[in-house]
Each structure stands twice: as C-alpha cells, then as structure tokens.
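Me: Please take me through the structure shown here. I want each label set against its cut-off.

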Amino acid sequence: MSARSQPRLLRALLHPWSLGVAGVLAVVIVWTLVSASGTVDKLFLPSPAAVWAAGQQQAAEGLLWSDIRASVSRVGAGFALSALVALPLGIAMGANRVICRLLEPLLALIRYMPAPAFIPLLIIYFGLGELPKVLLIFIGTLFFNTLMIMDAVKFVPSELVETALTLGGRRDQVLVRVITPCIIPQVIDAYRINMASAWNLVIVAELVAASEGLGKRISLAQRFLRTDEIFLGLIVIGLIGLLIDLSFRLLLRRTCTWAV
Amino acid sequence: MHLQLDRVSKVFGEGRSSKLVLEDISFEILPGEFVALVGSSGSGKSTVMRLVAGLERPSAGAVLVDGRPVRGAGSDRGMVFQKYSLYPWLTAAENVAFGMQLQGRGRPEIRERTAYFLEVVGLAGSASLYPRQLSGGMQQRVAIARALAAEPQLLLLDEPFGALDLQIRESMQEFLYQLWQRTGLAALLITHDLEEAMLLAQRLHILAPRPGRIVRTISLASERSDLAHLRVSPQFLELREDLARTLRSLDGALGA
C-alpha cells in the first residue's frame, strides 16, 4: 500500500456512510454463506443469486415495473392528498386555540384506530378499484401529518410572532410570513417520517385486494411458495422506501439551508 | 409620542391560582425621552414592556399613547427582544426589510431604507449574511435596525444586551446612546443592569418584586459626552452604590 493511498482509504472508512454500508454488506455476506452451506432449506431461504434471478425474470417480463408503478402511484396520490389537507389543517390547529380544542380530541381518537381496520369499510363503500387504496393511505397518514404540523406551529418561538406584531404585522401576515416559513423544515421532516407508514399501508391494501402492485406480487408468491419472489418484493420495497427517505432529506437540505 | 401608564395592575391566572404581577404602576415617557426600568427577576419588568407593546392587556388601569388606550401591538412601538428574534431564514437585509414589507411600503423605498439602517448600525457589509453567521452583538444590531426601519415613535428594549459578553455590551451601550441622540426617539429600556440604565436613561424607575411596583424614581444628569469616563466618575459610582443598596434591600426583604 503506497503512502499516498492510505489517507484516502482512511478517509473513505471515516465517511459517515461507510459503517452503514458495512452493516448492509455484512447481512448480505451472512445470508450468502448460510444459504450456500445448505443448513437451511432453499424453500425457506433462497440464495441471493436466486433472488437476483427472480428479479431479472420479473424485470424482463415487465411485471416488476408495472408493480412498482402501481404501488408508487397509489402512495403518491394518497400521500399527496394527505399532505395537502394536513398543511392548512395543522397550521390552523396550531395557530388557533378554538380550532385546536375542537379537533385535537377527535384526531387523537381516530389516530389510534389502526388504518388497516378501515379496509373492509372502504371496500364496501368504494369497491376494489384504486380509490379505496388511495383513501386508505390518506386516512392512515392524514392525522399524523396534521398533528406533527400542529406541534411544529406550537413550537414557533413566540418572539418571532410578537416581533412581527410589533412591526405592524396583521394576524394573516404572521401566518403566511412567519409561521409558514418557520415550520417548513419540520413539515418536510414530518412528511418524510409519515411516508414510511404510507408505504406500509399500500402493501397491506394490496395484500387484501389488488390485481397488481408490489404487495400483490408478494401475496401471489406466497400462494406458490416462491420465497425468492417474496424476498425480491421485500428488498424492492425497502429500496424504494430508502430512496424516498433520501430524497426528502435532500429536499430539506436544499430548501432550508438555514435550518440544517 | 406621549406614553402614559396610569395605575396599571396585571394579574395572571384566575381564581385561587391567580397572581398579582404588577401593582399600581404609573409613569410616563415624553417624546424623545429615554426611560429605564430596573428590577430583579420577579419584578414584572418584562410584563410592563409587553403591556406597552400591546402584547398583553392590563387587568386594571390604562396604558395610553397620546391619550388613547393601547388596543394591540403596532409599529409605532417597536420592540427589541433579548434574543432569538431575527428570522433565521432571512438575511440581515431581509430581516431589516421585513417590517417595512408588512407595512406595504414600495420596493424602492424599502431597498433604500434597508441600506440606510444597516449603515446606521454598522452592518452594511453583512447585508447578505444569515443570522447564524452573525455574532450575538451583530444580531442585536440587526434587530435594532429592523425596529428602527419600521419608523417607531417609541423604541422598547427588553434586556437587549443581556445575552452579550460584557465587552460587547459596553460597546453596544455606546452605540445605543449615540443612536438615541441622533434619532431623537423615545425609548423604554428594561434591564437588571443598574449601570446600563444609569448610563443611558434620563429617568430611572426601580421596581420591587412580587408584586412588581415602582419604589424609587431617579432623574439622571443629562450631560454625558463620554460614557467610558462617566462609568468611573465618583458621583456616578456613589449613586450606583446607593441604588444597588436599594435593590439589595428589596431582595433581602424577600428572603427574610
């Protein structure tokens, strides 16, 4: 090893991501070794190569892409709807005591009703199409989004609000020009966190009733004991989730340089 | 502007848990006057400030501006908080412009006045920096520029230098004094720092704690061309010691 390459290697090892990557690699290596050793039945633990092959096959058939498209667009529609409703609702609850007292107990109650429990009702109301799935994601994330935005508003430093008032600002100006910009970082973060449950819910909805989607593929794979396809589905779901999470982090860092 | 507080009392809470915070506070500030309120914690001095700013309403008595009762906050009474009052997502210049934008002034005017007031507080070179890039003293100067740019007739200063280091505090006091002389604004300063109040104010009220009430009022000599010199002059030190005794006795009475 030359003297020049050593610090570079050291720097690579010290990179904040290197430990995380090492953790993932370790699991993959253990997985490879265990499946190669033959101690576990292939039916229960397919090898990484088998999962990769299943992925290639699904990609070639186009199934993988249509499943991803179906699941992502359900999450996108349901979550976008939830984000759009939660923002004004959360701000209103955080900024207005009457609205807060009126709605907070109601939201706190509904929040504890597990969203998947709404599936039977949604199917009765709206059938088996896209609407009940989108609505499930909407219901399942709306209350968390709203309450987290409400909290962000409540934690806006009172000095910032009062300064605006003593500068001659009206209440509506305070809402638009102080509270809203102040909470944007927390709103993005709330969306990032709650996106994970949206992603959970779409899989649950597809397990119950769907013709395509990553969740549907997993439940079909179960019927045919195709554990390689189940593994594939789980990994794809995880990767897309990670990608969404990272994009939200990037968005936060790009738009709110003052807060990070 | 002529500010009057007429037998103002303030009670926080209701029923048994209610607490009298201010009792019978009366004083006035004439146009161009610099008045200070000095008291230890618990003397309700910040509450006085908030009442004047219109952020709180008196429980009894009246806060009058030019004879009319204060109904809410307004840009005629600009306020500088102790700390953390700059908008962290706006640059220094945007912070200064903020109040004028709320008032709906024209763009050329805002640009011109922003540049002018940044110049006044000596921060023309830091216009495009964000608050977290500024030192504590610089942040407070931006906050003062922002308050001034909104054209108040009375400047409310709530322990404006309380969070700063001693050295920076002294230079900020000089700065504030010169600013006041130059602009002819009326100012109300809240502080627990006797020296600060004595250096800057023309009249000084000492507040006793629990409930907050004015126990002593002192008019101060108006001649003070050199603050650094004044700080160590014998009469100044003597009066300071005298007032410090008063403040200590108020706290002592509480402890007994």
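Predicted model: local features only at pLDDT ≥ 70, side-chain atom pairs only at ≥ 80, totals over all residues.

Reply: Residues are numbered from 1 along each chain as its sequence is written, while chains are lettered from A and ligands numbered from 1 in the order in which they are written.

Me: Why is B:D165 called exposed?

Reply: B:D165 has 11 C-beta neighbours inside 10 Å, so the residue counts as exposed. The cut-offs refer to other C-beta atoms within 10 Å of a residue's own, placed from the backbone: 20 or more is buried, 12 or fewer is exposed, and in between is partly exposed. B:D165 sits in the loop between β7 (154-158) and α5 (166-183) of chain B.

Me: What makes β7(B) mostly covered?

Reply: Five of the five residues of β7(B) are buried. B:L154, B:L156 and B:D158 lie on one side, B:L155 and B:L157 on the other. In general, side chains in a regular strand alternate between the two faces of the sheet.

Me: How do you know that β7(B) pairs with β8 (residues 186-191) of chain B?

Reply: Pairing requires that DSSP finds at least two bridges between two strands. β7(B) and β8(B) have five, in the parallel sense. B:L154 stands opposite B:A186. β6(B) also pairs with β7(B) in the parallel sense, over four bridges; there B:V80 has B:L157 as its bridge partner.

Me: Why are β2 (19-29) and β5 (68-69) of chain B said to stand at the edges?

Reply: The open sheet runs β2-β1-β4-β5 in chain B, with antiparallel pairing. β2(B) and β5(B) each have a single partner strand, so one side of each is left without a neighbour in the sheet. Inside that order, β1 (residues 3-12) and β4 (residues 60-65) of chain B pair over five bridges.

Me: Why is helix α2 (residues 92-102) of chain B called mostly covered?

Reply: Nine of the eleven residues of α2(B) are buried, including B:V96, B:F98 and B:M100. The buried residues pack against α8 (158-166) and α9 (171-208) of chain A, together with α3 (107-120) and α4 (136-149) of chain B. Contact here puts two C-beta atoms, placed from the backbone, within 7 Å.

Me: How many residues of chain B are in contact with chain A?

Reply: 21 residues of chain B are in contact with 14 residues of chain A. β6 (77-80) and α2 of chain B each supply at least two residues of that side of chain B. By class, the side has 13 nonpolar, six polar and two charged residues. Ala, Val, Leu, Ile, Met, Phe, Trp, Tyr, Cys and Pro count as nonpolar, Asp, Glu, Lys and Arg as charged, and the others, Gly among them, as polar.
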